[in-house]
Amino acid sequence: MKSFSRRFAAQVTLSLAFLGCGSEGPTGHSNVDQSKSTLALGHGEKKAMCNAFVDYFFSVVDTPEKWCRWQAQNKTTEPGGGLTDAEVQSTCASAEAACLAAKDQQYRLKKESMRSGCNGDNPLSATLMYAYSTCDTTVELAESCGVEQVDILDDLRSVTCSQFTVSRRTAINSELNAPSCQQTGCR
């Protein structure tokens, strides 16, 4: 009986290892022809790009706690958000605590909102690649631009509220200068 159990455990372990091979997770790139001009996209292609972006976004902002940190840092730009690092940090901490009180609901609502946006009349309008998808560039550059912007934001937002500063807030609110966004020739 022990040899059967060991053999079964080995097979299960090997099967799980094979299932994990090659699955990198969301890349932010859709199945839309990457060389196609963004000006020639149909609604279904824009929807596919939006869904790929949303999948990538939530692979980065992958917990309710992380979503609350991002939201809290956004609150520092609102009126009363502060002009000094101490004021920004205080606003951020208060907003994060409020979000964390209903974190699962907040996170679920954000996911639903972003996913439903992909089903709207202009699926790309709520993505970080929108401005770059409305000029003559390729799907590949527009999607890479969206991915790089999420990555830049993730790096800027990688600190706690007690470490969040006016300069980080300013960097988040300015043009992120992702290399592929610059390559689009847009703006």
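## Helix packing and cores

In this predicted model, the axes of α3 and helix α4 (residues 85-100) come within 8 Å and cross at roughly 140°. That angle makes α3 oblique to α4, since the roughly antiparallel class takes angles over 145 degrees. The crossing of α3 with α4 is right-handed. On the α3 side, the contact is made by Glu65, Cys68, Arg69, Ala72, Gln73 and Lys75; α4 answers with Thr91, Cys92, Ala95, Glu96, Cys99 and Leu100. Sorted by class, the residues of this α3 and α4 contact come out as six nonpolar, two polar and four charged.

Now for another helix pair. Helix α2 (residues 43-60) and helix α7 (residues 139-156) pack at an angle of about 20°, with axes 10 Å apart. The two are therefore roughly parallel to each other, and the crossing of α2 and α7 is right-handed. From α2 come Met49, Phe53, Tyr56, Phe57 and Val60, and they meet a run of α7 residues: Val139, Ala142, Glu143, Gly146, Val147, Val150, Asp151 and Asp154. The contact of α2 with α7 has nine nonpolar residues, one polar and three charged.

Here are the two pairs together:

| α3 and α4 | roughly 140° | within 8 Å | six nonpolar, two polar, four charged |

The largest nonpolar core here has 30 residues, and Met49, Phe53, Val54, Phe57 and Val61 have the most contacts inside it. Two or more residues each come from α2, α3 (64-75), α5 (103-117), α7 and α8 (166-173). Which element gives the most to this core? That's α2, with eight residues.

Leaving aside residues up to four places away in sequence, Phe57 touches Trp67, Trp70, Met114 and Val150. Phe57 and Val150 also turn up in the contact of α2 with α7.

There's a second, separate core too: six residues, including Cys135, Cys145, Ala178 and Cys186.

Finally, take a look at Ser180, which sits in helix α9 (residues 179-183). Is Ser180 buried or exposed? At 4% relative accessibility, Ser180 counts as buried, because the cut-off for buried is under 20%. Not counting residues up to four places away in sequence, Ser180 touches Leu141, Ser144, Cys145 and Glu148. One of these, Cys145, belongs to the second core.

Notes. Residues numbered from 1 in each chain as written. Predicted model: local features only at pLDDT ≥ 70, side-chain atom pairs only at ≥ 80, totals over all residues. Heavy atoms only, no water. Axes fitted to C-alpha atoms, helices over the stretch in contact; angles between N-to-C directions. Parallel < 35°, antiparallel > 145°, perpendicular 65-115°, else oblique. Left-handed = near helix turned anticlockwise from the far one by under 90°. Contact = heavy atoms within 4.5 Å. Nonpolar A, V, L, I, M, F, W, Y, C, P; charged D, E, K, R; others polar. Core = buried A, V, L, I, M, F, W, Y, C linked by side-chain atoms within 4.5 Å. Buried < 20%, exposed > 50% of the residue type's maximum accessible area, 1.4 Å probe, protein only.
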